[in-house]
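Please read these notes with the sequence and the model side by side.

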Amino acid sequence: MDGRMIFMALGGAQEVGASCYFLKLGENNLLLDCGCGSTRGIRFAPQFSALLDTPYLQDFHQVSHVFLSHAHLDHSAALPDFLELNERAAVYMTDLTREILSAQLEDRFATIERNISSVAFLQKIPLPRLSISFHQAGHIPGAMMTLINFRGKNILYTGDYSTFPTQLVGSALLPNVKIDILILCGLHARHPNYRRFGDTDSALKKILRKIYYALRRGKSVYCRVTQISKGVELITLINKFLPQAEIFIDERVMKIVHRFENLHIRIMSAQNHPLSVLPRGPHVILSTMPPPLHSSMEILNGDFSLHDDFITTVEFVRRLNPTVCVVVHSPPDKLFHARTTLEQVLINDPDSRTSFIFPQTGEPFEL
Ligand SMILES: [Zn+2]
Ligand SMILES: [Zn+2]
């Protein structure tokens, strides 16, 4: 029997966007995540067709299972596209991911709903010759890591994760087994100069500080968020650190807020209102839309990172000490052209036994 293990990134390899990873374990063909990317406003999906150029797959229907790590669009938004190619695939995600996804995909969610099975953390699902379980990944509510046992080997796909707690979710809780193969969403694995400070990203502190000073000067703030779920995170942060601030929230972010609250995750305070209510006095607008052209409001970019920084990424891999680490979701360091990577640090570590693969999209590897 064929016991080979093949990995191929269909998108989101050495970049962020369209995360989708094909994993062939013997006769099992799996997809890890199914996201979209965008460059300068143009949407791009994973290169599904590259799969048919390999000897590993003749038909998309041979992919039996898709595991969706979390609801961010770069990991989830191409799911309807894939299910058009393979309407039979079984898709697994947590309840919370399903909730956030249904709010984000809107009408398109109805077309994929019947393929989805909800899974809980630590739940195990048995597949022929595979045992699979799911683990809390931190990062955003509902985010999961997927652990697959195949022929006695443990393969862990992290998805986006954080080893620190965020406003809305606790830190990653790793399975208590030896990991042989780690498929790592290592956003900062090549950013040696990127450092977080404590539990709060420095970008987040900057946003809060700017809002604080603007409101004190009697000015209103327009804060644009890039991901809807980050808007929710910002609301809880502003409520916590600037409890007097009046926040007006756009419809799309509001929708997710309601989903969270339905699942008993408390977000709103008395100072939070839908944007349809007319704001008076200095206030904060949280929106996924571009700011109005002529406005006296202070415009803020509400983007911040919910990922481990370089040092914690190194620590994470050092601790797991897998035989093989496949690093994806890992853009190069544009700002500093730094050459130091996770791999270079651990190569000089006598206790590390890990060999690294930084795959390109469309390039298959035998693990
Ligand atoms: Zn994410
Ligand atoms: Zn991501």
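1. Ile 247 has Val 284, a residue of β17, as its bridge partner. Strand β15 (residues 247-249) pairs with β17 in the parallel sense, and the pairing runs over three bridges. Two strands are said to pair if DSSP finds at least two bridges between them. Strands (E, at least two residues) and helices (H or I, at least four) are DSSP runs, numbered from the N terminus.

2. A word on the basis of these notes. The model is predicted, so local features need pLDDT of at least 70 and side-chain atom pairs count only at pLDDT 80 or more, while totals for chains, interfaces and linings use all residues. Residues are numbered from 1 along each chain as its sequence is written, and chains are lettered from A and ligands numbered from 1 in the order in which they are written.

3. Strand β17 covers residues 284-287, and its four residues are buried: Val 284 and Leu 286 point one way, Ile 285 and Ser 287 the other way. A residue is buried if 20 or more other C-beta atoms lie within 10 Å of its own, exposed if 12 or fewer, and partly exposed in between, with C-beta atoms placed from the backbone. In a regular strand the side chains alternate between the two faces of the sheet.

4. β17 also pairs with strand β14 (residues 221-224), in the parallel sense and over four bridges. Arg 224 stands opposite Ser 287 there. On to β18: β14 and β18 run parallel and are joined by four bridges, with Cys 223 opposite Leu 300 in β18.

5. What is the order of the strands in the open sheet of five? The order is β16-β15-β17-β14-β18, with parallel pairing. β16 (272-274) and β18 (298-301) are at the edges with a single partner strand each, so each has one side without a neighbour in the sheet. From one strand to the next the twist averages 25°. Axes are lines fitted to C-alpha atoms, for helices over the stretch in contact, and angles run from 0 to 180 degrees between N-to-C directions.

6. Helix α4 (residues 202-216) packs on this sheet and touches β14, β17 and β18. Its direction makes about 170° with that of β18. Contact here requires the C-beta atoms of two residues, placed from the backbone, to lie within 7 Å.

7. A second open sheet has seven strands in the order β8-β7-β6-β3-β2-β1-β21, with mixed pairing. Its edge strands, β8 (116-119) and β21 (364-366), each pair on one side only. The twist averages 20° from one strand to the next.

8. Leu 30 has His 65 as its bridge partner in β6, and Leu 32 has Phe 67. β6 in turn pairs with β7, again in the parallel sense, over three bridges; Phe 67 stands opposite Tyr 92 in β7.

9. Helix α3 (residues 95-105) lies across β7 (90-94) and β8, and runs at about 100° to β7.

10. The chain is divided into domain 1 (5-194 + 307-366) and domain 2 (202-301), with bounds that come from an automatic or database domain assignment. Their centres, taken over C-alpha atoms, are separated by 30 Å. The contact takes 13 residues from domain 1 and 13 residues from domain 2. On the domain 1 side, α3 gives the most, with five residues.

11. Which residues of helix α7 (residues 310-320) are buried? They are Phe 310, Thr 313, Val 314, Phe 316 and Val 317. These residues are on the same side of α7, because they cover an arc of only 160° around the axis, the arc being that of the directions from the helix axis to the C-beta atoms. Their cover includes β13 (181-185), β19 (324-328) and α8 (342-347). Asn 321, which follows α7, has a positive phi, near 45°.

12. Ile 132 is found in strand β10 (residues 130-136). Ile 132 is buried because 21 other C-beta atoms lie within 10 Å. Not counting residues up to four places away in sequence, Ile 132 touches Lys 124, Ile 125, Leu 127, Thr 146, Leu 147 and Ile 148.
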